[in-house]
Amino acid sequence: MQFDEQFLQEMGLSAMPEEQKQAFLDYVQEELEVRIGERISKGLTEVQLNEFDMITDPAEAAKWLEKNRPDYREIVTRTIEEMKAEIRANRDKLI
């Protein structure tokens, strides 16, 4: 997913001050990574978590997740949609 001006427009945040946009986009990306990581890790053993932490190649990580956490795409999609809903609900506070 791209976190850029188009994302801000989709969220109704194109009026956000320019100096705040990049910091907000960085925050959204980091927060999503944390939330997705927490949700995916809940279904894994300690051994699996350690194994996953050793993977550095994104393609290998995706392949590993397909095998060990086949629902990871659903988790990612659901988490992104929840985050978008939160942003939309708080749009007025963010501008």
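Trainee: Which helix does Q48 lie in?
Mentor: This is a predicted model, in which local features need pLDDT of at least 70, side-chain atom pairs count only at pLDDT 80 or more, and totals for chains, interfaces and linings use all residues. Residues are numbered from 1 along each chain as its sequence is written, and side-chain values use heavy atoms, with hydrogens and water left out. Helices are DSSP runs of H or I with at least four residues, strands are runs of E with at least two, and both are numbered from the N terminus. By that numbering, Q48 belongs to helix 3.

Trainee: Is Q48 buried or exposed?
Mentor: Buried means under 20% relative accessible area, exposed means over 50%, and partly exposed is in between, with a 1.4 Å probe and protein chains only. Q48 has a relative accessible area of 19%, so Q48 is buried.

Trainee: What does Q48 touch, not counting residues up to four places away in sequence?
Mentor: Contact means heavy atoms within 4.5 Å. W64 is 16 residues from Q48 in sequence and 9.8 Å from Q48 in space, C-alpha to C-alpha. With residues up to four places away left out, Q48 touches G43, W64 and N68.

Trainee: Why are the buried residues of helix 4 on the same side of it?
Mentor: The buried residues of helix 4, which spans residues 58-68, are A61, W64, L65 and N68. The arc is taken from the directions from the helix axis to the C-beta atoms. The four are on the same side because they cover an arc of only 100 degrees.

Trainee: Which residues are exposed on the other side of helix 4?
Mentor: The buried residues of helix 4 have a cover that includes helix 2 (18-41), helix 3 (46-53) and helix 5 (72-89). On the other side of helix 4, the exposed residues are A59, K63 and K67.

Trainee: How is helix 3 oriented to helix 4?
Mentor: Axes are lines fitted to C-alpha atoms, for helices over the stretch in contact, and angles run from 0 to 180 degrees between N-to-C directions. The axes of helix 3 and helix 4 come within 10 Å and cross at roughly 160 degrees. Angles under 35 degrees count as roughly parallel, over 145 as roughly antiparallel, 65 to 115 as roughly perpendicular, and the rest as oblique. Therefore helix 3 is, relative to helix 4, roughly antiparallel.

Trainee: How do the residues of the contact of helix 3 with helix 4 divide?
Mentor: Helix 3 contributes Q48, E51 and F52, and helix 4 contributes A61, W64, L65 and N68. Ala, Val, Leu, Ile, Met, Phe, Trp, Tyr, Cys and Pro count as nonpolar, Asp, Glu, Lys and Arg as charged, and the others, Gly among them, as polar. The residues of this contact come to four nonpolar, two polar and one charged.

Trainee: How is helix 2 oriented to helix 5?
Mentor: Their axes are 10 Å apart, and the two helices pack at an angle of about 140 degrees. That angle makes helix 2, relative to helix 5, oblique.

Trainee: Is E82 buried or partly exposed?
Mentor: E82 is in helix 5, and its C-alpha atom is separated by 9.9 Å from that of L32, 50 residues apart along the chain. With a relative accessibility of 31%, E82 counts as partly exposed.
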